Amino acid sequence: FGFNLVPLGADKRPVSTGIGTSGQLLRFRWQDWQTEQQTVERWKAIRQQKWWTEVHGIAALCGPISGDLVCIDFDTPKDHNDLTFPYDVINKFLQAIELTWGYPWLVDTPRGGYHIWLRSALQLDKAKLDRAAIGLPDGYHVEVRYAETYAALPGSLHPNGKQYAWHN
């Protein structure tokens, strides 16, 4: 789909690729891919690495390098795995940007939230905006992920044991 990918470990961070000379854990250097477009050939080479058995999912890099890919992340409070983000809030947001629940790039997240993937050339002062969800209890928040960020794609395993899944 024209965006760069990051292999994720069990903790939703880039997968471990080994131990450095000073004993620190080395991870997949996703920052290297913020300026260079991954090719099919390069992705095949990445997939052949010996550490690939530790991969628990895939993330997409957001921003200009991935064709102006944006992930809008509607999150529930971190300590409450039994909550879901209110349907009416998501529905109002989708309607405001002229989309419906049938939008194919709507993702159910493992903690009861949603990701809405879009392409939009944003002019932001920050790579990621994170704000409390207005009118909802503490802990509900909305993130706009753009440049210098990544977000997990469907099929990826969350540390709570559940998977990200396409809503439709």
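Modeller: A salt bridge is a side-chain nitrogen of Lys or Arg within 4 Å of a carboxyl oxygen of Asp or Glu. Keep that rule in mind here, and keep in mind that this is a predicted model.

Colleague: How many salt bridges does the rule give?

Modeller: The count comes to four. One of them joins the side chains of Arg27 and Asp11, with N to O at 2.8 Å. That pair links distant parts of the chain, 16 residues apart. Arg27 belongs to strand E3 (residues 25–27), while Asp11 sits in the loop between strand E1 (5–8) and strand E2 (16–19).

Colleague: Is Asp11 buried, partly exposed or exposed?

Modeller: Asp11 has a relative accessible area of 36%, so it is partly exposed.

Colleague: Which residue does Arg29 meet in a salt bridge?

Modeller: The partner of Arg29 is Asp32, and the N to O distance between their side chains is 3.1 Å. Arg29 counts as exposed, because its relative accessibility is 53% and exposed means over 50%. Asp32, at 37%, counts as partly exposed.

Colleague: What salt bridge does Glu143 form?

Modeller: Glu143 pairs with Arg145, and their closest N and O atoms are 2.7 Å apart. Salt bridges that share partners join Asp73, Glu143 and Arg145 into one network. To read the surroundings, use the cut-off for buried, which is under 20% relative accessible area. Glu143 has 5%, so it is buried. Arg145 is buried too, with a relative accessible area of 16%.

Colleague: Which side chain does His115 join in a polar contact?

Modeller: The side chain of Asp73, at 3.4 Å. Asp73 is also a member of the network with Glu143 and Arg145. His115 itself lies in strand E7 (residues 114–119), and its relative accessible area is 3%, so it is buried.

Colleague: What else is His115 in contact with, leaving aside neighbours within four places in sequence?

Modeller: Besides Asp73, its contacts include Cys71, Ile72, Trp105, Leu106, Val107, Ala151 and Tyr164.

Colleague: Where is Gly67 found?

Modeller: Gly67 is in the loop between strand E4 (57–61) and strand E5 (69–75). It is partly exposed, because its relative accessible area is 36%. Leaving aside neighbours within four places in sequence, Gly67 is in contact with Gly2 and Arg119.

Colleague: How many residues apart in sequence are Gly67 and Asp130?

Modeller: They are 63 residues apart in sequence, and in space the C-alpha to C-alpha distance is 22 Å.

Definitions and conventions
Residues numbered from 1 in each chain as written. Predicted model: local features only at pLDDT ≥ 70, side-chain atom pairs only at ≥ 80, totals over all residues. Heavy atoms only, no water. Helix = DSSP H or I, 4+ residues; strand = E, 2+ residues; numbered from the N terminus. Buried < 20%, exposed > 50% of the residue type's maximum accessible area, 1.4 Å probe, protein only. Polar contact = N/O pair within 3.5 Å; in protein donor to acceptor, adjacent residues only side chain to side chain. Contact = heavy atoms within 4.5 Å.
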